[in-house]
Amino acid sequence: MRRVSTETWSGIAMLVIAVVVSTPALIGLADPVIPRPLWAGLLVLYVVAVLLTGSHPSRRVNLAALAASVATSWAMVLTVPGMGLMVILVVVTAAISVYVVPLTVGTVIVLLNSAVVLVTTVQSGYPLIETVMMTGFYLLIQVATLFSSSALLREQRMRAELAQAHVELRATGILLAESTRTAERLRISRELHDLIGHQLTVLTLNLEAARHVDPELAREHIERADDVARRLLRDVRSAVGELRTRPMDLQETLQSMVDGLPGLAVDIAVDPDLELGEEQQIAFIRLAQEAVTNTIRHAEATRLHIDLSVREGRATLVARDDGVGAAGAELGNGLRGLRERFEELGGELTVDGSDGFEVTGRVVAA
């Protein structure tokens with residue numbers, strides 16, 4: 001079950017407050033200048049618009065929702081004169097504007113909201129000094145709310161960018177280190193094969209020849225040396241093969257890539273008996289990296305599960321988060337590139353955004 005974020009709870013609290021301050025007009029303690037059912041319909045439209053603002057993947061929908069929330073808040077405030085607390089509705093629209101439009105546009109909304117507050121206080125017949133004080137008071141509240149929300153949003157974005165950079169840096173470091181180790185293993189294997197292996201082969205041939213020409217008393221020592229040389233040659237060849245094929249520890253590798261991520265718990269499970277080639281290892285590391293960064297960037301999730309095992313005869317990595325999902329979402333450049341990489345390895349990559357977001361990569365097991 002997804003944990004509700006502090007930001008979500010704050011939004012719920014603002015909506016509850018908006019409904020509470022509207023209650024007198026709904027139950028007849030205050031009389032709107034328009035029919036009450038129409039006014040109630042404005043309240044429903046306001047709540048729906050506020051919920052949609054900043055939460056929909058389409059920017060056009062977000063802009064339309066923000067415009068609707070601003071317009072309905074003005075209509076509700078202006079049609080119930082004398083309800084001072086009703087002005088809180090425009091404070092809410094100022095707070096949510098930063099999730100859709102730049103700060104400058106939010107400032108314009110605050111100024112227009114303040115003009116609405118001024119009009120409604122004048123309509124209510126307040127004295128001039130009270131009108132000025134109330135308008136200034138709500139102007140300051142809106143400005144404080146606007147800049148507080150903007151600072152919070154900027155901090156969240158910076159934290160997400162730092163987390164993405166952390167994962168990308170770790171993944172790049174891991175792949176660079178593996179590339180360096182691979183190059184070093186190949187260099188050592190070539191030297192072992194070209195130098196020591198060649199010399200031991202020559203030694204074996206010389207000893208074989210010496211067996212037939214040396215005195216009988218030396219035969220036992222020569223045969224013993226021949227046996228040692230042959231065993232050394234087998235050991236060298238075995239070491240060369242191990243240097244060429246020794247795989248990395250993917251459990252430890254993937255875990256080190258995600259350690260220390262703020263706000264996202266990552267559970268990693270790797271089958272210890274799984275055998276993969278170097279290109280397959282790199283593909284799965286890149287897929288895990290892309291899954292983590294996409295979760296941080298888009299999913300609003302608190303937990304991500306990564307499982308790498310053999311399923312139906314194929315090495316399979318499944319990464320699934322507990323976020324908002326993205327049904328029908330198109331693949332970004334990162335996932336499209338990974339799909340091509342997996343297809344080149346004879347595998348496939350699929351996504352499912354119906355319940356959270358799940359990405360699955362498969363290749364034939366080594």
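Analyst: Welcome! A definition to start: a crossover is right-handed if, with the strands pointing away from the viewer, the path from the first strand over the helix to the second runs clockwise. Please keep in mind that this is a predicted model.

User: Thanks! What is the handedness of the β-α-β unit made by β1, α9 and β2?

Analyst: Let's begin with the two strands: β1 (residues 265-270) and β2 (residues 303-311) run parallel and are joined by six bridges. Within that pairing, the partner of Asp267 in β2 is His305. Helix α9 covers residues 278-299, and the unit that β1, α9 and β2 make is left-handed.

User: How many of the 22 residues of α9 are buried?

Analyst: Helix α9 reaches 30 Å from its first C-alpha to its last, close to the 32 Å expected at 1.5 Å a residue. Just after α9 comes Glu300, with a positive phi of about 55°. To count as buried, a residue needs under 20% relative accessible area. The helix is mostly covered, and its number of buried residues is 17.

User: Moving on from β2, which residue in the turn of the β2 and β3 hairpin has a positive phi?

Analyst: Strands β2 and β3 (residues 314-321) run antiparallel, with eight bridges between them. Across this pair, Leu304 has Asp321 as its bridge partner in β3, while Val310 stands opposite Ala315. Two residues lie between the strands of the hairpin, and the one in the turn with a positive phi, about 55°, is Glu312.

User: Which strands stand at the edges of the sheet?

Analyst: The sheet is open, has mixed pairing, and its five strands follow the order β1-β2-β3-β5-β4. A strand at the edge has a single partner, so one of its sides is left without a neighbour in the sheet. Reading the order from end to end, the strands in that position are β1 and β4.

User: What angle does the direction of helix α10 make with that of β4?

Analyst: Helix α10 spans residues 333-344 and packs on the sheet, where it touches β4 and β5 (358-364). Strand β4 (348-352) is one of the edge strands. Between the direction of α10 and that of β4, the angle is about 145°.

User: Is Ser114 buried or exposed?

Analyst: Ser114 sits in helix α5, which runs over residues 103-123. Leaving aside neighbours within four places in sequence, Ser114 is in contact with Thr135, Leu139 and Gln142. The cut-off for burial is under 20% relative accessible area; Ser114 has 7%, so this residue is buried.

User: And Gly41: how far apart in space are Gly41 and Thr72, C-alpha to C-alpha?

Analyst: Gly41 belongs to helix α2 (residues 36-52) and, at 37% relative accessibility, counts as partly exposed. In sequence, 31 residues separate Gly41 from Thr72. In space, the C-alpha to C-alpha distance of this pair is 9.7 Å.

User: One last thing, about the whole protein chain: what percentage of its 366 residues is buried?

Analyst: The chain has ten helices and five strands. Its accessible surface comes to about 20300 Å², with 61% belonging to carbon and sulfur atoms. Among contacts with a separation of 6 or more, residues 24 or more positions apart account for 68%. As for burial, the share of the 366 residues is 38%.

Methods. Residues are numbered from 1 along each chain as its sequence is written. This is a predicted model: local features need pLDDT of at least 70, side-chain atom pairs count only at pLDDT 80 or more; totals for chains, interfaces and linings use all residues. Side-chain values use heavy atoms; hydrogens and water are left out. Helices (H or I, at least four residues) and strands (E, at least two) are DSSP runs, numbered from the N terminus. The expected span of a helix is 1.5 Å times one less than its number of residues. Buried means under 20% relative accessible area, exposed over 50%, partly exposed in between (1.4 Å probe, protein chains only). Two strands pair if DSSP finds at least two bridges between them. Contact means heavy atoms within 4.5 Å. Axes are lines fitted to C-alpha atoms, for helices over the stretch in contact, and angles run from 0 to 180 degrees between N-to-C directions. Accessible areas come from the Shrake-Rupley method with a 1.4 Å probe; for residues, only the protein chains shown count as cover.
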